[in-house]
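Please read the following note with the model open beside you. It goes through the two chains and the places where their parts meet.

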Amino acid sequence: MEQTNQIRPQAEARYQDELAALAAEDGGNRKPLGWKLSPKAVRDFILGRKKPLEYQGREITVRKKYLGNDALVERCIITLTGSRGLMLVGEPGTAKTLLSELLSAAISGVSTNTIQGTAGTTEDMIKYSWNYALLLAQGPCRQALVPSPLYVGMEQGILARFEEITRTPAEIQDSLISVMSDKVLNVPELGSEGLLFARPGFNVIGTANTRDKGVNEMSSALKRRFNFETVRPVGDVKLEKEIILREAAAMAKNAGVEMEPDDDAAELLSATFHELREGVSSMGHRIEKPNAVMSTAEAVSVYYQTMMGAYYYGGGKIEPRALVANLTGALGQEPGEDLEKLRGYFSTVVRDKAEEVGGPWKAYYQARSALK
Amino acid sequence: MESVLSGQKRPQVIPFDLSAPCVYFPVRHHSPACALHLERTLAAYQPDCVLVEGPENANHLLPLLTDPEGHPPLAFYYALRDEKGLLGEEEAFYKCYYPFLDCSPELAALRWAARAGAEAKFIDLPYGQILLASAKDRGLRRPGERRSYQDEGYFSHGEFLERLCEKTGLRSFDEFWEKYFEVNSLSMETPDFVAQMHTYCVLARENTPPQELEDDGCLAREAHMAEAIAAACKKFQRVFVVTGGFHTWGLLHPTPVTPPAETFPNGAEQVYPMIYSMEAADALNGYASGMQSPGFYQRVWEYLHSDAPESAYGQAVLDLLASVGRRLRHKGETLSVADETCALDMARGLAWLRGKRQPGLYELRDGVLTAFVKGEAAAATCLPLEILRRFTTGNQVGKLPDSALIPPLAADFQNQCARLGLRLKTSQQQQTILNIFSSQKHREISRFFYRTVFLSCPFAKLVKGPDLANQKNRALIRETWAWHWDGAVMAALVEQSISGGTVEEACVLQLERRMSDANLAGDGAELLVQGFLMGLEDLTGKLHQQLRTLAASDGDFFSLSNACKHLNTLLEMGRLYRQEDSYDYAGLLDQCFGKVLSLLPSMAAIKDDQLDACLSIIALLYELTARPAFANRREILLSALEALLSDPDLHPGLHGGALGLLYGADPDWRNEIETACTGYLRGTRERMLQSASFLRGLFSTARDLLLVSDQFLPSLDHLFSRLEEPDFLALLPELRLAFRYFTPSEASRIASRAAALHGTTAEQLRRRPALPGQYAYAEALDAWAAAKL
């Protein structure tokens, strides 16, 4: 696929070279059936590798893509080697989807085999549906069947991703149960040829939100078919800053925007988001937590938005005022009360940091009038 | 380790030559792998002398550790009383523990020596000398309640270790240790293992500033140990030295240190063997050093001595997964065998992915987290992890051989527990409900628990029940106690052992001591209550006499009031507790009563926060005078109250309370009450604002006034209705407090009568009036419905 025509190329395209180099290096390692890479190489792909790889005369550095809990990634990989599905749960914006995408790209070489769960998802979107023109013309046959990502996964022995599974009504989610336990899908319309046995390499990665409105419960029968991994917000401010800079740089590169990274802005944002999320500042102030989810993804989006503003309308430099103004965007869903809390944060924590730490905090505090 | 040790500056490795006259074996405390390789080395080397790192003043107790009658966890408890102030003035008492588990390499060495008949001894400085050699707040003088002798801060913390973990991709030092030194070392040859240990420890030492070593007393200890080793080498042919790996370099290259000039006097330093528990030995609990999760490593240790030692870790993981699964099912959780299989697969798969030969503690935790926790991992769903934590900590409690010279107090404690049926086999918390008024045995248990509490022994805690000392929940008839046994209980008993040979003796001595230290009659009387709860009789009459002296010299109204309350409690509760003993409570109470009465007239201008205490004491005194024994004091009390009323600075609350009592004795005081009430409510704004406080005092002692008298309520209502709304609102909060003395049904009766005065009812007042718009709409709706019908 051409990368330049896509806003966001999929993981297997973005990291094509790394995947190829890892596959070449992976020769002797044991691989589960149907996997493109060995579990060790999958881990290296996601968590990075210290030594660069030699591939086709070039040196390829495999860098760390998921910044967070390494042990969690290892558990995810081992889960996928077994018969149970993997369910990533957690607050919005904790990189569950990113992790699911990276795992699929590394294990199956494709990350686009995805069901997008919504309140309107139906059972035929999960299993299969029909091309009615062909169905009328040829009767029920494989050609007339429109396979779902789950069907494709079973047929080709690749991972199927189910995004936002809990947005789907519980009874629809349950259509996964028998497929997950028996690894077989019956298409009664196809008669004796209607049994689709999953090929090795098939498994399901689900992601589910725990804090959003409009999510459904999951039946315990379905829960038993999955191993659960709780993805938590990044706990380390330095790491969060690194993620903000890295993600925003990648987005800017795709958008053809060339701008120097602004360390100070990323540091202010990571500290603000971290402290508001935790309810306590690095200096020990107790802070009221906003109702909005202060996720790292949201911090990236605030940074990127400010960066775009600076690129197109400003002098190419991130202004504290613009940064502060964009912060209110993060409180989008319930602005009134949260805005007060944010103001409170500025009039206590930011004020004291401006006095004691100085530097960028001073300008940040001076820009507080932009909180509207 | 491979990548870590390929650094440019390779440390000089310490020789490990079994043909040498002296072999140094480096260990980490409680490490099964160290203990296993140590056993192998001892079998090959066959030393005639085994020297172990440990304060040498416990040498005479070493045979207890290896006695077949006892079993670990055990510990040595070192205590020092610095009465000469050699260590500074702040702290006079120092203590530390030296625990031993089955898998402690030190214990393995001592056991081997006992079996082989080799000489075995500790070679470190005595505890007191270590303290003298350490700087303030450093080493064994660092602040903290539970200091362990086995500090391994150098070993497991520091920048060097952070970099090491980062480089090896492991989460913590403990995970690093488990991978390279526990799991993977099982398949190593002992010389390779020892070389790896030495290398690691020398690297850790190189990264520790020399000043730190000196401040922590480390250099002085090493110099002393090196001397002891040299002396042993002259006497024996093959000497085997077991110390923390960090010290080996220092033993081979000791820094001369001038020993501290002062010494502690004889008897200042004591060492006792004591029973320890796995819980106390768990580094996860924050006060112990060494390996965390001793329950897990205990299992590993047991498998290392089974038929298949090579798969010890895998077996321990499997065992614990099955145990956690069983416990979860027992608790009603749905957990299938498939879940357990999945957890085991996860642990094995992770071990393989992480380059470990077998799954260890971290893989076990990961397996349980992934396969047993369903849904988001939160406090409510983490029961499996909590159960696992309990299993990996373990709940075993050690046993000392009968020959152990434990202090008589501790022995008596254990005998009492056995007699009362309190089993000390586990360190888990247990709960006991006692029917103290109906069962003699339960009373005895309760007294025993109270005695341990009095001795500051962290053994039992009253969860629910009458609390006589604080005058709370006196109506309850059962006591619920939570209790648990661990090393800290033993330590407390050892500390108290100077007070007496039995628990009772120690309590009596402490009680007498505290009584003679008390300055106020209130405190003295509280001690009597404690003695009462502990079932201690004042055989010599000492306490009684002491309290009399205290009461005579005490001039504090509130202290004497407290004494009255406590003594009254004892008078009232004696029969219920079946303890009408030799104390002359009535006589003491009479004495305190007299003193309180003489002080009462001077208590007019009390502070707001003293009001409640003051009201309760005058009410108690009044109540007492209703008893024949104190009836002769009624008149004196009433005149003291009258004297109080004449004080112009009288607190309005106390004014109300005193008037209420006077009204109780003579209803003619009602007019005086009404006058006072009117005076407050119609007075200047400041006085008006005090009216609620007045009523609060009044209702606390004479609430029947409002219920019985026909006139008081209308006149009060009249006074209230004259108030401006803002003034009434200002009074409201304290008025609510005043009315809390009435029961809900009484309050409701008062409300109905007050409403009737205004031609309405309480229900009508509570109903919100309809808005004109709503009323019009309802009318229209009614008309419409009527038309339709």
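Predicted model: local features only at pLDDT ≥ 70, side-chain atom pairs only at ≥ 80, totals over all residues.

1. Residues are numbered from 1 along each chain as its sequence is written, and chains are lettered from A and ligands numbered from 1 in the order in which they are written.

2. Chain B contains 38 helices and 10 strands, where helices (H or I, at least four residues) and strands (E, at least two) are DSSP runs numbered from the N terminus. Its radius of gyration is 36 Å, whereas a compact globule of 789 residues would have one near 28 Å; the radius is taken over C-alpha atoms, and the globule rule is 2.2 Å times the number of residues to the power 0.38. Along the principal axes, the C-alpha atoms of chain B fill a box of roughly 110 × 90 × 50 Å.

3. Of the 789 residues in chain B, 45% are buried, a residue being buried if 20 or more other C-beta atoms lie within 10 Å of its own, exposed if 12 or fewer, and partly exposed in between, with C-beta atoms placed from the backbone. Among contacts in chain B between residues at least 6 apart in sequence, 76% join residues at least 24 apart; two residues are in contact if their C-beta atoms, placed from the backbone, lie within 7 Å.

4. Where does Thr502(B) lie? Thr502(B) is in the loop between α21 (487–496) and α22 (503–517) of chain B, and it counts as partly exposed because it has 17 C-beta neighbours inside 10 Å. Leaving aside neighbours within four places in sequence, Thr502(B) is in contact with Leu409(B) and Asp412(B), and the C-alpha atoms of Thr502(B) and Phe413(B) are 7.3 Å apart although 89 residues separate the two in sequence.

5. The helix α22(B) has 15 residues and reaches 21 Å from its first C-alpha to its last, close to the 21 Å expected at 1.5 Å a residue, the expected span being 1.5 Å times one less than the number of residues. Its buried residues include Val503(B), Ala506(B), Gln510(B) and Met515(B), and what covers the buried residues of α22(B) includes α19 (408–420) and α20 (440–454) of chain B.

6. The domain assignment of chain B, with bounds from an automatic or database assignment, gives domain 1 (27–245 + 258–292), domain 2 (298–393), domain 3 (408–499) and domain 4 (651–789). In chain B, 17 residues of domain 1 are in contact with 14 residues of domain 2. On the side of domain 1 of chain B that touches domain 2 of chain B, α8(B) gives the most, with 5 residues.

7. Chain A is divided into domain 1 (69–231) and domain 2 (237–370), whose C-alpha centres lie 36 Å apart. Between these domains of chain A, 5 residues of domain 1 are in contact with 5 residues of domain 2.

8. How many residues does each chain give to the contact? The contact takes 20 residues from chain A and 17 residues from chain B, and α4(A) supplies the largest share of the side of chain A that touches chain B, 8 residues. That side of chain A has 6 nonpolar, 6 polar and 8 charged residues, with Ala, Val, Leu, Ile, Met, Phe, Trp, Tyr, Cys and Pro counted as nonpolar, Asp, Glu, Lys and Arg as charged, and the others, Gly among them, as polar.
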